Amino acid sequence: MNRLLTAALGAVLLPAALSTSADMTAQTRQNPFLAPYDTPFEIPPFDKITYGDYLPAIEQGIAEQKKEIEAIANNPATPTFDNTILAMEKSGALLQRVMLVFGSLDETDNNDQMTAISEKAYPMAAAAADEISMNDKLFQRVKYLYDRRDQLGLDGPQKRAIELSYKSFTRNGALLSADEKEKLKNINNDLTRLYLQFNRNLLASTNSFELLVDDESKLAGLPAGIVGTAATEAASRGKAGKWIFTLHAPSRLPLLKYADDRELRRKMYEGYMKLASEAPYDNRPVIGEIIKTRAAKARLLGFDNYASYMTDNVMAKTPEAAKSLLMKIWEPATARAREEVAEMQEYVRNEGAKFEIAPWDYYYYAEKLRQKKFELDENEVSAYFSLENVRKGIFTLAERLYGVTFTELPEAPKYHPEVKVYEVKDLKGEHVAVFMTDYFPRPSKRQGAWMSEFKGSFEDPDGTVGRPIIYNVGNFTRPTADTPALLTVDEVETMFHEFGHGLHGMLTRAKLRSQAGTNVDRDFVELPSQITEHWALEPELLKEFAFHYKTGEVIPESLINKLQAASTHNQGFTTTELAGASLLDLEWGMLNPAEGETIDVDNFEKQVAEKLNMPRQIAYRYRSPYFKHVFGSDGYASGYYTYLWAEVLDTDGFELFSEKGIFDPATAKAFKENVLEKGGSEDPMELYVRFRGHEPSVDALLRNRGLAPKAESAKGGDIKTPGGK
């Protein structure tokens with residue numbers, strides 16, 4: 001999931017992604033951001049927005065919020081929850097409106113004009129957030145409430161909002177001296193600039209790479225659909241009659257998995273490993289500056305290192321707690337990975353080849369062994385997973401579990417022609433949310449998949465209610481001239497994953513903006529998404545959406561059995577690369593470079609791998625120069641571990657569904673009411689225990705990934721937070 005966060009007070013601004021029309025010729029017109037949207041459900045009027053609208057709206061939004069904050073800070077009345085915390089949450093409506101749209105489009109429909117705007121927009125918004133978080137009069141009002149929070153007769157969410165607001169202020173410099181506050185502002189400005197540079201380099205480097213094939217014989221082993229897509233890509237680049245592969249996952253991964261030509265696989269693998277690591281788009285110097293600047297920020301705020309600063313605000317509380325969990329997973333994962341390599345090596349020898357398995361062989365021979373062991377052909381599987389079928393599957397899941405329906409709104413505003421828009425209603429026919437999907441890659445869209453929003457959810461004391469506008473973005477296999485978009489199993493699971501985030505955003509019933517939807521601890525936010533993945537290959541649901549795109553035949557029982565039998569295949573590799581990247585991220589966060597020290601990114605990665613005794617055939621899931629989660633913003637910095645932390649929760653939680661029935665109404669109701677609806681209004685571990693009945697342990701994760709000892713599950717212990725549950 002991706003959320004570009006601009007923290008101010010305890011509230012958040014969530015820039016999303018939007019597509020814009022060309023600049024209009026000079027004429028009298030109203031900037032569409034400067035008034036409430038006159039559209040169905042307040043969907044942004046994308047067709048009316050021009051590039052020239054953003055900066056004026058941001059500037060006016062900042063000015064309006066400044067006046068609102070000054071009014072709160074200078075209010076002569078005794079601080080109350082309503083005149084301070086709630087008033088802060090309601091401030092900045094215009095700024096949030098424009099940044100949600102701009103941030104979204106900056107990631108999904110980027111171009112030179114958007115980049116130029118971003119170089120001004122993000123620093124302006126960051127500086128404005130700093131001014132608020134370092135406003136001493138405002139902080140004193142929050143502190144007044146914080147010091148008396150147990151005597152004010154507040155409900156649980158209100159008390160928690162005060163506590164989180166106070167902590168947000170202190171984490172953003174409220175307790176610093178005037179000189180120190182200026183230093184922090186400069187640091188934050190530097191980080192904003194560095195994140196922009198990292199993201200620009202990554203997008204440009206991704207788009208600059210192409211692997212050109214002009215000899216059809218080199219395409220042996222590749223599925224016809226992948227070959228067709230590569231031919232289409234070549235034709236679009238003026239190279240008809242040839243084939244071009246890119247670093248986008250729907251192009252890169254099938255080549256590594258299926259291409260018989262080992263040299264072709266090597267070129268693709270090495271191209272990916274060098275992504276954003278060569279001039280003119282080299283991110284390594286940028287990373288060095290980010291690490292040093294983050295370390296300075298942590299020291300200024302009184303933390304030992306940046307990882308301590310980042311984990312202090314989430315469930316883990318310390319980097320040591322996060323690392324401890326990861327190592328309980330790392331050992332069985334790498335042990336299984338070495339078994340997988342040995343099995344591949346034997347396969348190679350039996351073929352009469354004499355080379356040793358290299359990293360660019362891993363996907364290829366893992367697939368060969370999967371076909372041999374399980375007689376599972378992914379092309380055969382994908383025929384049942386057209387994108388529209390899978391979309392039907394996620395909607396069926398939502399209806400059966402949570403009682404909501406999805407109706408397409410073909411005339412609704414869209415930021416790109418490929419976007420689809422749906423109204424979400426409950427079974428009484430009442431409006432719940434708007435949901436948008438944007439599933440195909442394009443050069444203007446960054447890699448990956450994510451969820452965010454164009455409008456948040458809230459319920460004010462005066463009865464005003466705002467329901468959310470949520471969107472999912474992906475980079476899935478495109479349709480060809482002959483076939484619809486046929487998804488791989490990984491892509492199916494990714495669609496379910498992001499839809500889980502979407503459900504978290506759509507079904508929220510938390511009253512406060514800062515607590516609604518996915519405004520939860522970073523290491524809790526992946527629970528709804530990852531638990532939703534479990535339904536993707538469940539037979540009961542598969543039979544409702546997995547139909548052959550040609551014949552309409554439902555997926556046969558025999559194929560379902562093969563999918564389930566193969567579900568833990570290659571989990572040594574998958575878990576090792578994920579845990580390795582998580583540990584690398586934490587090590588970066590715990591690094592405290594001396595002033596003037598040069599950081600050698602390649603050498604640091606190598607040292608971490610050696611310390612972990614990482615199998616040489618496996619690389620980190622993301623190398624640092626393209627580790628956008630960690631260096632493209634601070635969203636997942638020292639927090640990439642959260643995917644595995646949350647997997648401990650989701651695997652343990654899904655075992656309850658497995659025990660009671662995957663569509664058991666009582667279990668679904670408990671999950672909806674205690675997790676999806678509550679957002680961040682209560683302590684996340686308390687919410688989980690209320691749903692599940694106990695705290696989770698790592699055992700369920702190891703069982704789910706097939707990494708537990710065969711005799712009995714590994715006893716990894718509960719996942720606990722220091723000083724708490």
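Leu-487 is located in the loop between β11 (469-473) and α17 (489-506), where helices (H or I, at least four residues) and strands (E, at least two) are DSSP runs numbered from the N terminus. The model is predicted: local features need pLDDT of at least 70, side-chain atom pairs count only at pLDDT 80 or more, and totals for chains, interfaces and linings use all residues. Residues are numbered from 1 along each chain as its sequence is written, and side-chain values use heavy atoms, with hydrogens and water left out.

Leu-487 has 0% relative accessibility and counts as buried; buried means under 20% relative accessible area, exposed over 50%, and partly exposed in between (1.4 Å probe, protein chains only). Contact is defined as heavy atoms within 4.5 Å. When residues up to four places away in sequence are not counted, Leu-487 touches Ser-382, Phe-385, Leu-387, Val-390, Phe-476, Thr-477, Val-492 and Met-495. Of these contacts, Phe-476 is 11 residues from Leu-487 in sequence, with a C-alpha to C-alpha distance of 7.0 Å.

The protein chain as a whole contains 27 helices and 11 strands. Its radius of gyration is 25 Å, close to the 27 Å that the globule rule gives for 725 residues, so the chain is as compact as a globular protein of that length. The radius is taken over C-alpha atoms, and the rule is 2.2 Å times the number of residues to the power 0.38. The C-alpha trace spans about 85 × 60 × 55 Å along its principal axes. Of the 725 residues in the protein chain, 60% are buried. Among contacts with a separation of 6 or more, 75% are between residues 24 or more positions apart.

The accessible surface of the protein chain is about 28600 Å², and carbon and sulfur atoms hold 49% of this area. Accessible areas come from the Shrake-Rupley method with a 1.4 Å probe; for residues, only the protein chains shown count as cover.

The whole structure holds 45 aromatic pairs. Rings of Phe, Tyr and Trp (its six-membered ring) pair if their centres lie within 6.5 Å; planes under 30 degrees apart count as stacked, over 60 as edge-to-face and the rest as tilted. One of the pairs joins Phe-385 and Phe-545, which are stacked at 6.1 Å centre to centre with 25 degrees between the planes. Phe-385 lies in the loop between α15 (378-382) and α16 (387-402) and Phe-545 in helix α19 (residues 539-545), so this pair ties together parts that are 160 residues apart in sequence. Phe-385 is buried at 0% relative accessibility, and Phe-545 is also buried at 0%.

Phe-627 and Tyr-640 form an edge-to-face pair, 4.9 Å centre to centre and with 85 degrees between the planes. Phe-627 is in the loop between α22 (601-612) and α23 (628-631) and Tyr-640 in the loop between α23 and α24 (642-660), so the parts tied together are 13 residues apart in sequence. Both Phe-627 and Tyr-640 are buried. One aromatic cluster consists of Trp-535, Phe-654, Phe-657, Phe-671, Tyr-688 and Phe-691.

His-694 occupies the loop between α26 (684-692) and α27 (699-704) and is partly exposed, at 33% relative accessibility. Apart from neighbours within four places in sequence, His-694 contacts Asp-652, Tyr-688 and Val-689. His-694 and Tyr-281 are separated by 413 residues in sequence and by 49 Å in space, C-alpha to C-alpha.

Several backbone features were also computed. The peptide bond from Ala-279 to Pro-280 is cis, with omega near 5 degrees, and Pro-280 belongs to the loop between α10 (262-273) and α11 (284-300). Phe-41, in the loop between β2 (11-13) and α1 (51-73), has a positive phi near 60 degrees although it is a residue other than glycine. Its relative accessible area of 31% makes Phe-41 partly exposed. In helix α2 (residues 81-90), 7 of the 10 residues are buried, among them Phe-81, Ile-85 and Leu-86.
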